[in-house]
Amino acid sequence: MRELKIGLIGAGWMGKAHAMCYRAQPLAFGAKPAVPVLEVVAEVNEEIASRSAREFGFRRHTAEWREIVDDPTIDIVDINTPNDLHYEMAMAAIAAGKHVYCEKPLANDAKEAFAMAEAAEKAGVITMVGFNYIKNPVQTLARRLVADGEIGAPSYYRGSFSADFLGRPEIPFSWRNDKAQAGSGVIGDIGAHCFAYLQHLVGQPVEEVVCNLEIVIPERPAPAAHGGFSQDTGGGSGQMVRVDTDDLATAMFKTSGGLNGHMEMSRVSVGKRMDIGYELTGTQGALRYFYDRINDLQVYKQGGDPGTTGFKHVAMGPTDPRYAAFYPVPGLGAGYNDFKVMEVQDLIEAVAAGEPAYPDFRFAAEVQRVIDACILSDAERRWVRVDEIAI
Ligand SMILES: NC(=O)c1ccc[n+]([C@@H]2O[C@H](COP(=O)([O-])OP(=O)(O)OC[C@H]3O[C@@H](n4cnc5c(N)ncnc54)[C@H](O)[C@@H]3O)[C@@H](O)[C@H]2O)c1
């Protein structure tokens, strides 16, 4: 069995999720066409690195991420650090001829993101970005229905990703609240997922946006320790730190194919845990998806008896091979980490075949350009064409 050695950088929430998914891949997919090996994990210091290696099952650890990039035995460099480090780490990995799996948003701005995509294409390495929500088999079905013209020409899209994971003012300051590290706030963090959904489903480039960004909680207590969700950040000095990234974003957009739409993105929508979803209206039908029915797609088609037509709920089941890798019966509810395992499987298949993975750095760079256009729109209080963003 072919082995692909993983060098993982950053063992916080996503680092742990990726490690779990590599370990689940052989069980779910029978270790085919290759098996990932948890070779080495890098963290900010010796203590966190060695603990992460022990807990996640890596053979080795290091407190210096460059050792992973320089290690000739590593096949895939997997980047799970705060956003500002993605560019430097990915560029170093690409220069060393490694395949790169990077979390979203790909970079702190579109210029960096396109440079990363170009470098990877030139080097002939395979890239994958963690837009895990589109790995839900429901989104494979939705994309196919749109591509097959089942809802006619897409005309309107309403996307939402409203959550409250930063909704309490006592939640300590973290890298997500610091523009230098995060690049932007919710527009990059969650907006990346929203525009990835749109790009996946409709595949029409966004041409124009108008966007408003707001900081709702302007300062937060200093954390006791460094780190985001996964390290202990409670019980700091009591000092307050100024937040300079947005908590709330609302955007309207138009695509090259004439689709209009709007997005609602929030990390402070008190009471909403994960209100993720979309409504896509076409000239002949419509699709609806809501995260609280995580495996269901609602499909409406024009025609038939007007007295009885309505949305049909399609529940995912083992007719989809990715779903079947987990559950032999329909409707059980594949979830977040299952989609991440599917993402890992797509990466493993692509690397084993030497073919491009999806979604790759270029996909993520296109998303990043839309995010940058949203940020410019907010700053200049006007509609912005996406091609105004220099790359
Ligand atoms: N795809 C998704 O659904 C999803 C969800 C959450 C986060 N993310 C993305 O994943 C990335 C990480 O987010 P997170 O929530 O895991 O953050 P986190 O704060 O929990 O973890 C980041 C880790 O990186 C480590 N780190 C920082 N600098 C490092 C360095 N120089 N070398 C090695 N390790 C270093 C930190 O110590 C920390 O443990 C971000 O880009 C974020 O946007 C994606």
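How many Å separate the centres of domain 1 and domain 2, taken over C-alpha atoms? The answer is 23 Å. The views below come from a predicted model, in which local features need pLDDT of at least 70, side-chain atom pairs count only at pLDDT 80 or more, and totals for chains, interfaces and linings use all residues. Residues are numbered from 1 along each chain as its sequence is written.

**View 1. Domain 1 meets domain 2.** The domain assignment of the protein chain, automatic or from a database, gives domain 1 as 3-132 and domain 2 as 134-357 + 368-379. Their contact takes 36 residues from domain 1 and 38 residues from domain 2; two residues are in contact if their C-beta atoms, placed from the backbone, lie within 7 Å. On the domain 1 side, α1 (13-29), β5 (99-102), α5 (110-123) and β6 (127-129) each supply at least two residues. Helices (H or I, at least four residues) and strands (E, at least two) are DSSP runs, numbered from the N terminus. The largest share of that side, 10 residues, comes from α1.

**View 2. Helix α5 runs against helix α12.** The axes of α5 and α12 come within 8 Å and cross at roughly 165°. Here axes are lines fitted to C-alpha atoms, for helices over the stretch in contact, and angles run from 0 to 180 degrees between N-to-C directions. The two helices are therefore roughly antiparallel, a word used for angles over 145 degrees. Look for Ala110, Ala113, Phe114, Met116, Ala117 and Ala120 in α5, which meet Phe361, Arg362, Ala364, Ala365, Gln368, Arg369 and Asp372 in α12.

**View 3. Helix α9 packs on helix α12.** Helix α9 (residues 191-201) and helix α12 (residues 361-380) pack at an angle of about 120°, with their axes 9 Å apart. That makes α9 oblique to α12, the term for angles that are not under 35 (roughly parallel), over 145 (roughly antiparallel) or 65 to 115 (roughly perpendicular) degrees. From α9, the contact uses Gly191, Ala192, Phe195, Ala196 and Gln199. Its partners in α12 are Phe363, Glu366, Val367, Val370, Ile371 and Cys374.

**View 4. Helix α6 has buried residues.** In α6 (residues 137-147), Pro137, Val138, Gln139, Ala142, Leu145 and Val146 are buried, with 20 or more other C-beta atoms within 10 Å of their own, all placed from the backbone. Their cover includes β7 (154-163), α9, β14 (285-290), β15 (296-301) and α10 (321-324). Just after α6, glycine 149 takes a positive phi of about 75°.

Conventions. Buried ≥ 20, exposed ≤ 12 C-beta atoms within 10 Å, placed from the backbone.
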